[in-house]
Amino acid sequence: METNRQKKIGTVLQNDLVDILQGEVRKNGITNLIISVSKVSVTTDLSIAKVYLSIFPPEKGPELLAAIKSNTPLIKHDLSQRVKLQLRKVPNLSFYIDDSLEYIEKIDKALSGDENPIENPELLIKRKKS
């Protein structure tokens, strides 16, 4: 369970990371790309921050994640300049792709399509593990 301090630090980091990442996208003139920071969770010792990114379109996700991971020191430096009055030490950043929206979309498609277990109970038998 996260403490209030972890939540506050996560929120501060999330807001500034959104500005940094979207600013880089705008600066480089990249169009048709949306990056949002869906969640930042900080460890109890405040040394590591896990940053979950939602990227649209999702096909560009792995390529963009690799680019962000290679530029992590620069991102951390920019972040430290922004939060230097709030934090003594900026946590190490580790980036992940947040695929929860895709997961929700798959569930919606399954329920509205042919694989709806509510309308077709025979599918439940096929899904049972032996």
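Good morning. I begin with Asn32, which touches Phe56, Pro57 and Lys60, leaving aside residues up to four places away in sequence. Please keep in mind throughout that what we are viewing is a predicted model.

Where does Asn32 sit in the chain? Asn32 belongs to the loop between helix H1, residues 4-27, and strand S1, residues 34-42. Is Asn32 buried or exposed? Its relative accessibility is 65%, and the threshold for exposed is over 50%, so Asn32 counts as exposed. The backbone of Asn32 also deserves a remark: its phi is near 60°, a positive value in a residue other than glycine. As for distances, Asn32 and Ile48 are separated by 16 residues in sequence, and their C-alpha atoms lie 31 Å apart in space.

The peptide bond from Phe56 to Pro57 is cis, with omega near 0°. Pro57 itself is found in the loop between S2 and helix H2, the latter covering residues 61-70.

I turn now to the sheet. In what order do the strands run? The sheet is open and has three strands in the order S1-S2-S3, with mixed pairing. S1 and strand S3, residues 92-97, are the edge strands, and each of them pairs on one side only. From one strand to the next, the twist averages 30°. Helix H1 packs on this sheet and touches S1, S2 and S3; the direction of H1 makes about 155° with that of S1.

How many bridges join S1 and S2? There are eight, and the pairing between S1 and strand S2, residues 48-56, is antiparallel. Ser41 lies in strand S1, and its bridge partner in S2 is Lys50. Ser41 has a relative accessible area of 16%; the limit for buried is under 20%, and therefore Ser41 is classed as buried. Beyond residues up to four places away in sequence, Ser41 touches Glu2, Ile48, Ala49, Lys50 and Tyr52.

Between S1 and S2 there is a loop, and Leu46 is found in it. Leu46 has a positive phi of about 60°, although it is not a glycine. With a relative accessible area of 23%, Leu46 is partly exposed.

My last topic is the surface. Which residues form the nonpolar patch? They are Leu101, Tyr103, Ile104, Ile107, Leu111 and Ile118, and together they have about 640 Å² of accessible area.

To close, I return to two residues. Asn32 is exposed, with a positive phi, and Ser41 is buried in strand S1. Thank you for your attention.

Conventions: Residues numbered from 1 in each chain as written. Predicted model: local features only at pLDDT ≥ 70, side-chain atom pairs only at ≥ 80, totals over all residues. Heavy atoms only, no water. Helix = DSSP H or I, 4+ residues; strand = E, 2+ residues; numbered from the N terminus. Buried < 20%, exposed > 50% of the residue type's maximum accessible area, 1.4 Å probe, protein only. Contact = heavy atoms within 4.5 Å. Patch = residues over 30% accessible without salt bridge, like charges linked within 9 Å, V, L, I, M, F, W, Y side chains within 5 Å. Areas by Shrake-Rupley, 256 points an atom, 1.4 Å probe, with all protein chains shown as cover. Salt bridge = Lys/Arg side-chain N within 4 Å of Asp/Glu carboxyl O. Pairing = 2+ DSSP bridges. Axes fitted to C-alpha atoms, helices over the stretch in contact; angles between N-to-C directions.
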